[in-house]
Each structure stands twice: as structure tokens, then as C-alpha cells.
Amino acid sequence: MKILLLEHPRSIIPERCNDIANTPLSSCLLTGYAAGMLKREGHDVSIVEGYLDGLSYEEIQDRVRAIKPDILGVHMVYQWRRDLALFDCLEGVKSEALASSITAYGFFATNASKDILKSCCAVDSVIIGEPEVPFANLAEAASTGIYTPCVPGLAVRDGSGGIKYQRQKPIEHLDSLPLPVRTEAMYRLPEANLLGSRGCYGKCTFCSINSFYGLGSRWRGRSPENIVEEIDEIISERGLREFYFTDPNFFGPGQKGQERALRIAALLKPRDIRFGIEGRVNDIHDKTIGALVDAGLRHILVGLESGQDESLRRMNKMTTVAQNERALHILRKHGVEPNVGFIMFEPDSSLQEIRINFEFLKRNDLLNNLPVTTNVLYHHQIVLEGTQAYHNLQKEGRLQLQTASSYEGTAYFKNPEVAVLADIMRQITNIVFSFMEGIWSGKVIGHVGMLERYIKVNCMLVKVFEDTLTALEAGEQFDEKKITFLVREAEKEMGETLKL
Ligand code: SF4
């Protein structure tokens, strides 16, 4: 079978430029893993990097026309309801008969399968969860002329307006999978991404990792030896020394998880590499972090999420503020300044809780770096289909959906003052992002003296947050006119500071 896998272009609407939830980072290797499996099964597989290569939909159609695949697989990523251009492209492919069958896969495709099959007639099926095995089964069936077979993990229309599928079980032994296929575009990234494990033993209400892998999903790790085999291959073929583990949770649970991390560190140490990981604060232990830093750990993202225990309980984070602070201390002791996940604004936040969060960030020196400050002083809880939060808000009748898609919901803030602060910070941090987009994305070189300007903008952001919070605590009223004035003033001040 001739199979073409597409990473489509991704467009972000300006007002959501500070939201990073279009897809988990771990999804970046889904296409590579699917390609690895399909190649092992003897299929002729090509990958079109519409996103990394900056292709237009016309160019993508040309590529499909040149290959005329039996199956076009599309890694569908959430685009804040801007899917129409992609759907039009797929309709074009279908109407020209450029591909016999189109299947979608990925986090968005899994959790919005019904919407996708309803909105885009060109899509014949959607792979639910991990793509490797259902895709291989789909290709095998297609080789006998059956393009929408009933195989576990494949959602298809049921003929009466609904969809039908049977969930597959998560893959048990990850070492049994072929290594992911890597494209030239992937090698142009500053680091080679790796996936050392899948799933998570946590159950945070806002997270869609486990709903992607399905019921019974749990943390599954590759063996340290299998991971190192892949790293060695990349070093010997490309000479790369920078890696990033895109695992949602690098550490497995408990003592076993720590022992595995120590084994990985021992194997990586002689290889002279630098790498980054993501993890939970309760897995940050002195001995393990020391060994990982010794082996090349330079970057880590930890999900702190909140500065107060009640909020962590609401999110079912299964961690405490004390654990957050302990993790920060251990990481800094070993010379690693962490990047942090933080949800400042939850639908149920009170003004008092926002104050506690703010004091937590100040006390822990998390408001000194502009990109971090911009994130932590802004982040709203994003509510995506498949998460517990989505389900709970829907049950309570508080979930607001737009008619175009049911994938992302919003919930009104319970507290009107919190809503005001959240609105102001959303608008102001979006302004920072639009000023800095070119520099932060590496497309524009920052001017000399940029650091001083960053520091100034950072101070402005912290000040506007604190002043507004204090005013709201004192009972000051903010109508639309006052909010607009505040935002415009901040924009003017930042514009003058960041003028290039
Ligand atoms: S710790 Fe929570 S947010 Fe992070 S991957 Fe696990 S469930 Fe998701």
C-alpha cells in the first residue's frame, strides 16, 4: 500500500497566541511512530511536513497529487476552530480522487472524532488513541479492498448519523514498537525529540493525556536500553547531542520509576548529551535529579499548577504546595531553573486564591523572567473534550460550547472580580506575545539592550497584575471603559519600551 502521512499547517488565532494546549508535546512523534510501524509491515510510506516545512494547502495538494496514495493519514491538531482550510483541502483531495481513503489520528482527532466525521465528509475514518496498530490493520484491510474495516481503534460512520468504534487496549510493551521515522524537517529542530514513555499515572482534571490512551491507560515506559539504542542511532547518523523527552511524565510511579530514571542517567552519562524532560513535582528527588543533571539534564518543565492546596485538590493534582516548593528547591540546588506549568485562573477561583497564587509565585522567584511571567500571570484553565473538567462542568450545566465545535468549552468564572482580572491579563499578555512573537520564535534577532527592556516589561506586567488585584480586593469597580483604558495604557507603555 502507498501511504502518505500529513502534518498539516497549524494556524493560531491572535487572541489565543498565549495558549499552548492545541496538542500535547508528546504528539509530535505520532506520525513518526505510525510511519515506523507501517514501514515494518511492508508499506510504502511518505511523510509531508506541512507544518514544519511551512507548506500551503495548494502545495500539500500538489504533493498528494504526485504520490496518489492508497491511504492519506492526517495527524489532526486542534486549531481553535480554524479547521475549515484543512477540511477544504481534504475535500479537494477526495473530489479529485487523489487518495482512495483518508483517515485522521491524534489527540484532537481522538477526542473530537464525532465532530470531525460530521464536519468533513472526506474523512473516512478516525483512529482513536495510539495510531500504530489500528493503522497497520487499516492498511492490511485496504490491501484487500476494504477501506473502512471494523477494527478496534477505528471510528467510522454508522449510517444513521452517529459513529461506531471499539477502543483498542493501550500497547503493553513499547520496546516492541519500531523506532519512529524522522524527517529532515524534524532534524532541523534545535533538539531531537524522544518519547521514552506514554501515559501518566496522574489524573489531573484538566489533562487529556489519559483519555487519548483510553480506559485502563497507565504510565508505560520503554526500557532504558531501548531508549539509548535510539539515541545512539541519532548520534551516529546525525551527530546530534541535544535531546528532549516529550513524555508527559518522564518518571514512572514510585521507587521503580526513580530506579528506571537512575538507570537512564547511568546509560546517558558517557554519551555527552544535553537533554530536557517534563515531570510531576512529587517525582523530583535529590538523588535522581543529581544523577540526571550529571548525565546532561539541562531543562525541565514541572507542573506546579497552583500555589494553594485547595486548588491542587480541585484539579486532582495529587500534589501539595510543599511538594511544589521542595521540587523548586531541589532543581535549583542542582543548577536547573525549571519552566513551570501554572493555572492562575480556574473557573472556581476566588480573589483570595488568586492572591495566594500571586504570593506563591513571588515567594518562589517565579516572576523574574518575562516568558515565564507572561505565562503564569495569565493562564486560564483550558477545558478540552475528554478531560474530567469538561465532563464535570457539563454535568453542572456550566460548560459553554460554540456551535462550530464541541471540542473546547469555556466556563464562566464563578467570581466576577476574578473574571475582570483574567480578562485584563489575557489582553495584556496577548499584547506582549504579539510584540515578542518574532523574537521568541527565533524569526527575529533581538536588539542589543533587549534584556533590560525585557526586565522593564516584566516589572510592568507584575505591577499591573498586583495593582489590579489590590484594587479589586478593595472593592473597586472595573467597567468595560476602564478595562479598555488600562489595557491601552499598558500597550502604549510596552510599545515604547519594546520599540525596535
Ligand atoms: S501529571 Fe497531570 S497534567 Fe501531567 S500528564 Fe499526568 S495527568 Fe496530565
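Biologist: Which residues surround the ligand, and how do you know that they do?

Modeller: This is a predicted model, in which local features need pLDDT of at least 70, side-chain atom pairs count only at pLDDT 80 or more, and totals for chains, interfaces and linings use all residues. Residues are numbered from 1 along each chain as its sequence is written. A residue is near a molecule if its C-beta atom, placed from the backbone, lies within 6 Å of it. Around the ligand these are C200, G202, K203, C204, C207, I209, P248, N249, R280 and G303.

Biologist: How does the shell around the ligand divide by class?

Modeller: The shell has 5 nonpolar, 3 polar and 2 charged residues. Here Ala, Val, Leu, Ile, Met, Phe, Trp, Tyr, Cys and Pro count as nonpolar, Asp, Glu, Lys and Arg as charged, and the others, Gly among them, as polar.

Biologist: Why is helix 14 called roughly antiparallel to helix 18?

Modeller: Helices are DSSP runs (H or I, at least four residues), numbered from the N terminus. Axes are lines fitted to C-alpha atoms over the stretch in contact, with angles from 0 to 180 degrees between N-to-C directions. Helix 14 (residues 351-363) and helix 18 (residues 450-473) have axes that come within 11 Å and cross at roughly 150°. That makes the pair roughly antiparallel, a label for angles over 145 degrees, while under 35 is roughly parallel, 65 to 115 roughly perpendicular and the rest oblique.

Biologist: What makes residues of helix 14 and helix 18 count as meeting?

Modeller: Two residues are in contact if their C-beta atoms, placed from the backbone, lie within 7 Å. On that basis L351, I354, R355 and F358 of helix 14 meet F465, E466, L469, L472 and E473 of helix 18. This contact has 6 nonpolar, no polar and 3 charged residues.

Biologist: And what are helix 2 and helix 3 to each other, roughly parallel or roughly antiparallel?

Modeller: The axes of helix 2 (residues 57-67) and helix 3 (residues 84-95) come within 10 Å and cross at roughly 30°. The two helices are therefore roughly parallel. Y57, I60, Q61 and V64 in helix 2 meet A85, C89, G92 and V93 in helix 3, a contact of 6 nonpolar, 2 polar and no charged residues.
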